[in-house]
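Please look at the sequence and the structure first.

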Amino acid sequence: MNIEQLQYMCAISQHKSITKAAESLYVTQQTVSKAIHRLEKELGFQLLVRNYNGIILTENGKLFVERAQVILEQIQDLYYITSPEEASLSGTVTVYCSSYFIYRVASKMLTYFSKHYPKVKLHFKEELAKNIVSLVSDENRLGFITTLENRIGSDETTVLLKNLEKHEMFVDELLVLVAKQHPLVQNAEIAVQELGNYPIVIDNLPGIETAFLQEYNTELSVLMYSSSLSPCIDNVRHNATLAFITKSVLAHYTLPDDVIALPLSPKCKAKSYLFTEKIINQIE
């Protein structure tokens, strides 16, 4: 049993559908189905029942989700253990972010706040990237957005971002996964404009299609969205598609022999920021 299986079950309970749960978590339906099947086999009882109305939780399934939600909340609370040098600021801040962020990236932010602001508790709320900037502008809230070359979404959104205080969390370089037999491999790097000629898998950059269109006049043909690297690589190997990967992820992952990662030309930087109207000093 692992944390992802707990998250999958909670998402299925919320959406009443494996497909919608998978979409909300930026993973494939097959990934969720296999994880739940393994979980049921490990537990020795059924968690879900599928019928014409969709997905129904068994009584054991309902009890499992109830306890899983408590466990996930407790895991989040671990990041708020007070350090010896306590910051004076305290309170709760709402963080608007994508579902991918909630399930995959939130721990990084929790670690950051537990170190710098141990008395501040974060409340994560899923929201579309295009709506985050306006929500942050209205009240004392935080928004987390990963941008491509400092752009995301429409020109209006980009302007709004410039009017907010931003705090850079980390910077990464965007690379492209390609199969060794792919025609693009003959080059040492891939021209950004070439990306529009092939289907591509996107895993963790909301609004990246708009950013590529605005920044490089390149329209991406997105085959699928996935936050899991395995289906990205499988598609690259067998379906002649491309996939994005960041340099930091690649540093901790060994690619199969028939797949390589190539840099883009010009180089594309993915920057993750916290956005707020006035950060922290308004927390009560």
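Pro-266 lies in strand E11, which covers residues 259-276. Helices (H or I, at least four residues) and strands (E, at least two) are DSSP runs, numbered from the N terminus. The peptide bond that leads from Ser-265 to Pro-266 is cis, and its omega is near 0°.

The model is predicted, with local features needing pLDDT of at least 70 and side-chain atom pairs counting only at pLDDT 80 or more, while totals for chains, interfaces and linings use all residues. Residues are numbered from 1 along each chain as its sequence is written, and side-chain values use heavy atoms, with hydrogens and water left out.

## The loop between H8 and E9

Thr-218 sits in the loop between helix H8 (208-216) and strand E9 (221-225). Thr-218 counts as buried because its relative accessibility is 3%; buried means under 20% relative accessible area, exposed over 50%, and partly exposed in between (1.4 Å probe, protein chains only). Apart from neighbours within four places in sequence, Thr-218 is in contact with Val-192, Gln-193, Leu-195, Gly-196, Glu-209, Phe-212 and Leu-213. Contact means heavy atoms within 4.5 Å.

Asn-217 is also placed in the loop between H8 and E9. Asn-217 is not a glycine, yet its phi is positive, at about 55°. With a relative accessible area of 66%, Asn-217 is exposed.

Two packed helices are described by the angle between their axes and the distance between the axes. Axes are lines fitted to C-alpha atoms, for helices over the stretch in contact, and angles run from 0 to 180 degrees between N-to-C directions.

The axes of H1 and H2 come within 8 Å and cross at roughly 120°. H1 and H2 are therefore oblique to each other; angles under 35 degrees count as roughly parallel, over 145 as roughly antiparallel, 65 to 115 as roughly perpendicular and the rest as oblique. Gln-7, Tyr-8, Ala-11, Ile-12 and His-15 of H1 make the contact with Ile-18, Lys-20, Ala-21, Ser-24 and Leu-25 of H2.

In the loop between H1 and H2 is Lys-16. The phi of Lys-16 is near 55°, a positive value in a residue other than glycine. Lys-16 counts as partly exposed, at 49% relative accessibility.

## H1 against H3

Helix H1 (residues 3-15) and helix H3 (residues 29-43) have axes that come within 10 Å and cross at roughly 110°. H1 and H3 are therefore roughly perpendicular to each other. From H1, Gln-5, Tyr-8, Met-9 and Ile-12 meet Thr-31, Val-32, Ala-35, Ile-36, Arg-38 and Leu-39 in H3.

## Nonpolar cores

The largest nonpolar core has 22 residues, and those with the most contacts inside it are Tyr-8, Met-9, Ile-12, Val-32, Ile-36, Leu-48 and Phe-64. A nonpolar core is a set of buried Ala, Val, Leu, Ile, Met, Phe, Trp, Tyr and Cys residues joined through side-chain atoms within 4.5 Å. Two or more residues of this core come from each of H1, helix H2 (18-25), H3, strand E2 (54-57) and helix H4 (59-77). H1 gives the largest share, six residues.

Not counting residues up to four places away in sequence, Ile-12 touches Ser-17, Ile-18, Ala-21, Val-32, Ile-36, Leu-48 and Ile-55. Another core lies apart from the largest one and has 19 residues, among them Leu-174, Leu-220, Phe-244 and Leu-264.
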